[in-house]
Amino acid sequence: MRKGKVFWSVIILVLILDRITKELAPGLPAQGLALISGVIGLRYMENTGIAFSLLSGMPRLTGILGLAVVVGGFLWLRKKSIAPFPLTGLALMAGGALGNMPDRLIRGFVPDMIETLFVSFPVFNIADSCLTVGCILVMVSLLCRPQDWQSINS
């Protein structure tokens with residue numbers, strides 16, 4: 001399978017899983033639901049900001065900024081040869097950003113539903129998780145696998 005197909009498949013999978021969970025989230029019990037007692041649970045929240053509620057109350061601005069970053073990144077990287085490991089990270093990042101974008105622009109908030117019960121941490125969603133995992137993969141690649149990026153500078 002070509003790298004481009006994997007890239008787009010990851011993005012589409014993230015978008016589908018994220019949309020399904022966001023559509024189901026409003027039906028969660030008001031007090032939340034423990035999936036693994038003391039570890040992880042589900043609680044419906046509406047977030048008008050970005051990471052850790054930064055820029056709260058400006059969902060359309062954050063949606064437009066997210067779109068600009070995704071489009072700019074895609075235009076810059078589209079002709080580059082990137083190894084599969086960081087390409088997967090970039091696809092997860094793009095899928096996460098694109099998953100939250102319509103909610104910000106249309107609803108004015110992003111539905112969040114995944115809650116950590118063992119530590120106080122903001123409630124998040126699948127798109128947020130994929131964005132975070134994608135960033136970690138790209139960072140690991142940049143720090144530990146410089147050969148993944150050699151062809152990008154050529």
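User: Why is Ala25 called buried?

Analyst: Its relative accessible area is 2%. Buried means under 20%, exposed means over 50%, and partly exposed lies in between, with a 1.4 Å probe and protein chains only. Ala25 sits in the loop between α1 and β1.

User: What kind of model is this, and how are residues numbered?

Analyst: This is a predicted model, where local features need pLDDT of at least 70, side-chain atom pairs count only at pLDDT 80 or more, and totals for chains, interfaces and linings use all residues. Residues are numbered from 1 along each chain as its sequence is written, and side-chain values use heavy atoms, with hydrogens and water left out.

User: Which residues does Ala25 contact, leaving aside neighbours within four places in sequence?

Analyst: Tyr44 and Met113. Contact means heavy atoms within 4.5 Å. Ala25 and Met45 are 20 residues apart along the chain, and their C-alpha atoms are separated by 8.6 Å.

User: What makes a group of residues a nonpolar core?

Analyst: The members are buried Ala, Val, Leu, Ile, Met, Phe, Trp, Tyr and Cys residues, joined through side-chain atoms within 4.5 Å. The largest such core here has 14 residues, and Phe7 and Leu90 touch the most other members. Helices α1, α3 (84–107) and α4 each supply at least two residues of this core. The largest share, 5 residues, comes from α3. Helices are DSSP runs of H or I with at least four residues, strands are runs of E with at least two, and both are numbered from the N terminus. A second, separate core has 6 residues, including Ala25, Leu28, Leu42 and Met113.

User: Which residues does Leu90 touch, not counting those up to four places away in sequence?

Analyst: Leu90 touches Phe7, Leu77, Ile82, Val138 and Trp149.

User: Is Phe7 buried or exposed?

Analyst: Phe7 has a relative accessible area of 14%, so Phe7 is buried. Trp8 reaches 43% and therefore counts as partly exposed. Phe74, at 40%, is partly exposed.

User: Why are Phe7 and Trp8 called an edge-to-face pair?

Analyst: Rings of Phe, Tyr and Trp (its six-membered ring) pair if their centres lie within 6.5 Å; planes under 30 degrees apart are stacked, over 60 edge-to-face, and the rest tilted. By this rule there are 3 aromatic pairs. The rings of Phe7 and Trp8 have centres 5.3 Å apart and planes at 85°, so the pair is edge-to-face.

User: What makes Trp8 and Phe74 an edge-to-face pair?

Analyst: Their ring centres are 5.8 Å apart and their planes lie at 65°, so this pair is edge-to-face. The pair links distant parts of the chain: Trp8 is in helix α1, Phe74 is in helix α2 (residues 59–77), and they are 66 residues apart. Ring pairs link Phe7, Trp8 and Phe74 into a cluster.

User: How do you know that β2 and β3 pair?

Analyst: Two strands pair if DSSP finds at least two bridges between them. Strand β2 (residues 40–47) and β3 have 6 bridges, in the antiparallel sense. Asn47 has Val110 of β3 as its bridge partner. The open sheet has 3 strands in the order β1-β2-β3.

User: What makes β1 and β3 edge strands?

Analyst: β1 (33–36) and β3 (110–116) each pair on one side only.
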